[in-house]
Amino acid sequence: MIDWPNLFANALWILALAAALAVVSTAWWRASLENTRLRNALGRRNNHLALLGCLVLLGIGLALAVPSTIEKLAWSALTVLAIVQFGLAVREIRRKDARIQKK
């Protein structure tokens, strides 16, 4: 019999890693076209937010998939930190956009 909750949890963190790989791969390609460093390409707002979103999905998936309570707490703490970081990044982007529109 298929364990659907476990399948969902594992699919979630695998999807998060695949998405993160796609973001890094695209940033690498873009950096090579523009002759810049990968760090600069990953630092762009869309790549930064995408990687933070992937980290949130990774944390949720692994928190659901691991059997130990301590591991669940550790992954949950990482997920909360990633959500906070994501929120701070979105807030900073909105502030910058608001400053640009005022000018």
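**Ground rules**

I number residues from 1 along each chain as its sequence is written, and I work with heavy atoms for side-chain values, leaving out hydrogens and water. Since the model is predicted, I keep local features only at pLDDT of at least 70 and side-chain atom pairs only at pLDDT 80 or more, while totals for chains, interfaces and linings use all residues.

**Entry 1: the helix α1**

I started with α1, which covers residues 4-34. My helices are DSSP runs (H or I, at least four residues; strands would be E, at least two), numbered from the N terminus. How far does α1 reach from its first C-alpha to its last? I get 44 Å for its 31 residues, close to the 45 Å expected. The expected span is 1.5 Å times one less than the number of residues.

Next I looked for its buried residues (buried is under 20% relative accessible area, exposed is over 50%, partly exposed is in between, with a 1.4 Å probe and protein chains only). I noted Ala-9, Leu-12, Ala-16, Ala-20, Val-23, Ala-27 and Ala-31. Their cover includes α2 and α3, going by contact, meaning heavy atoms within 4.5 Å.

I moved on to α3, residues 45-65. The buried residues here are Asn-47, Leu-52, Cys-54, Val-56, Leu-58, Gly-59, Gly-61, Leu-62 and Ala-63. What covers them includes α1, α2 and α4.

Then I checked α4, residues 69-102. It has 34 residues and reaches 49 Å between its first and last C-alpha, close to the 50 Å expected. At its start, I found a side-chain oxygen of Ser-68 within 3.3 Å of the backbone nitrogen of Ile-70. I call that a polar contact: a pair of N or O atoms within 3.5 Å, where within protein one must be able to donate a hydrogen and the other to accept it, and residues adjacent in sequence count only if both atoms are side-chain atoms.

In α4, Thr-79, Ala-82, Ala-89 and Ile-93 are buried, and their cover includes α3. I zoomed in on Thr-79. Is Thr-79 buried or exposed? It is buried, because its relative accessible area is 7%. Which residues does Thr-79 touch, not counting those up to four places away in sequence? I found Val-56, Gly-59 and Ile-60. The Thr-79 side chain also reaches the backbone oxygen of Gly-59 at 3.4 Å.

**Entry 2: the salt bridges**

Side chains of opposite charge can pair when their charged atoms come close. My rule for a salt bridge is a side-chain nitrogen of Lys or Arg within 4 Å of a carboxyl oxygen of Asp or Glu. How many are there? The count comes to three.

One pairs Glu-34 with Arg-30, at 3.1 Å between the closest N and O atoms. Both sit in α1, four residues apart, about one turn of the helix. Glu-34 is partly exposed at 33% relative accessibility, and Arg-30 is partly exposed too, at 41%.

Glu-34 also meets Arg-44, at 2.4 Å from N to O. This pair links distant parts of the chain, with Glu-34 in α1 and Arg-44 in the loop between α2 (38-42) and α3, 10 residues apart. Arg-44 is partly exposed at 30%.

Asp-97 bridges to Arg-45, with 3.4 Å between the closest N and O atoms. Asp-97 lies in α4 and Arg-45 in α3, so this pair ties together parts that are 52 residues apart in sequence. I put Asp-97 at 28%, partly exposed, and Arg-45 at 42%, partly exposed. As for shared partners, Arg-30, Glu-34 and Arg-44 are joined into one network.

**Entry 3: a nonpolar patch**

Last, I looked at the surface. Phe-8, Leu-57, Ile-60 and Leu-64 form a nonpolar patch with about 350 Å² of accessible area together. Patch residues have over 30% relative accessible area and no salt bridge; like charges are joined within 9 Å, and nonpolar side chains (Val, Leu, Ile, Met, Phe, Trp, Tyr) within 5 Å. Areas come from the Shrake-Rupley method with a 1.4 Å probe, and for residues only the protein chains shown count as cover.

Which helix gives the most to the patch? That is α3, with three residues. Leu-64 lies in α3 and is partly exposed, at 48% relative accessible area.
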